[in-house]
Amino acid sequence: MFRIISADGSIKEISASGLEDLPELMKKVEKDYIPLDQVINDIRIDGETIEGSGSDDWPLIPLSVITDIEITSDYPHRIALRGMKQSIQLLNESKQVLLETAESFKSNRLSEAQNGLIQGITALESFVRFLSVVRPFFQDSIGQFDLYQNKLLTVLEDLLLKQKDQNWNALADALLNDLLPQMESWKEIVNSIVQNEGNSAPPA
């Protein structure tokens with residue numbers, strides 16, 4: 001069964017007559033089944049989540065080998081808000097990694113420290129990209145976004161310079177004294193957004 005579940009919980013069966021593969025089906029879904037004020041939130045094929053960002057980006061899977069497709073759509077603001085909630089966990093996990101990384105640099109366990117630094121910085125770069133995507137949905141927080149995003153980018157650039165200079169103690173201090181406080185500030189901002197907008201924000 002091929003079906004789509006809208007934000008209000010309504011379920012519609014999708015007709016795949018004349019279609020051969022997943023990209024063709026998703027193009028039809030986006031044109032004929034997704035409400036104008038919603039976007040695709042998730043797609044599961046035979047119980048597995050499939051990644052894609054548009055009708056031209058879905059994997060080329062023949063419909064003949066698929067038994068079940070469940071597509072959910074939702075309001076963009078709701079999706080952005082869920083992403084904000086998930087980012088809190090990302091910041092918590094990254095903070096722990098970077099705390100251990102700083103200790104590794106101070107203890108001269110350089111291979112371990114470098115791996116931790118790469119992991120932590122990569123996660124934060126993903127967080128910054130995520131912020132750029134969701135920024136339009138949180139107009140009341142734009143001032144904070146701009147201020148703290150610039151601060152975070154400045155700290156990340158400084159860390160990379162210290163890494164290039166192989167100044168390990170200074171790098172460890174920068175992690176503890178500069179980056180981790182920035183991450184705490186972002187946690188406060190994200191928590192505030194989630195609390196303030198979770199119940200009162202408009203659906204779209």
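Predicted model: local features only at pLDDT ≥ 70, side-chain atom pairs only at ≥ 80, totals over all residues.
1. Aromatic pairs. Three aromatic pairs turn up when the whole structure is searched. One of them is Phe105 with Trp168: the ring centres are 5.3 Å apart and the planes stand at 10 degrees, so this pair counts as stacked, the limit being under 30 degrees.

2. Phe105 belongs to helix H2 (residues 76-106) and Trp168 to helix H5 (residues 168-197), so the pair ties together parts that are 63 residues apart in sequence. Phe105 and Trp168 are both buried.

3. Tyr148 and Trp186. This aromatic pair is edge-to-face, with 6.4 Å from centre to centre and 70 degrees between the planes. Because Tyr148 sits in helix H4 and Trp186 in helix H5, the pair ties together parts that are 38 residues apart in sequence.

4. Cluster. Tyr148 and Trp186 also belong to one aromatic cluster with Phe127. Trp186 has a relative accessibility of 1% and therefore counts as buried, for which the cut-off is under 20%.

5. Gln163. This residue is located in helix H4 (residues 142-164). Its relative accessible area is 21%, so Gln163 is classed as partly exposed; buried would require a value under 20%.

6. Contacts of Gln163. With neighbours within four places in sequence left aside, Gln163 is in contact with Gln114, Leu117, Trp168 and Leu171. Trp168 in this list is also the partner of Phe105 in the stacked pair.

7. A distance for reference. Gln163 and Asp68 are 95 residues apart along the chain, and 49 Å separates their C-alpha atoms.

Terms used
Residues numbered from 1 in each chain as written. Heavy atoms only, no water. Helix = DSSP H or I, 4+ residues; strand = E, 2+ residues; numbered from the N terminus. Buried < 20%, exposed > 50% of the residue type's maximum accessible area, 1.4 Å probe, protein only. Contact = heavy atoms within 4.5 Å. Phe/Tyr/Trp six-rings, centres within 6.5 Å; stacked < 30°, edge-to-face > 60°.
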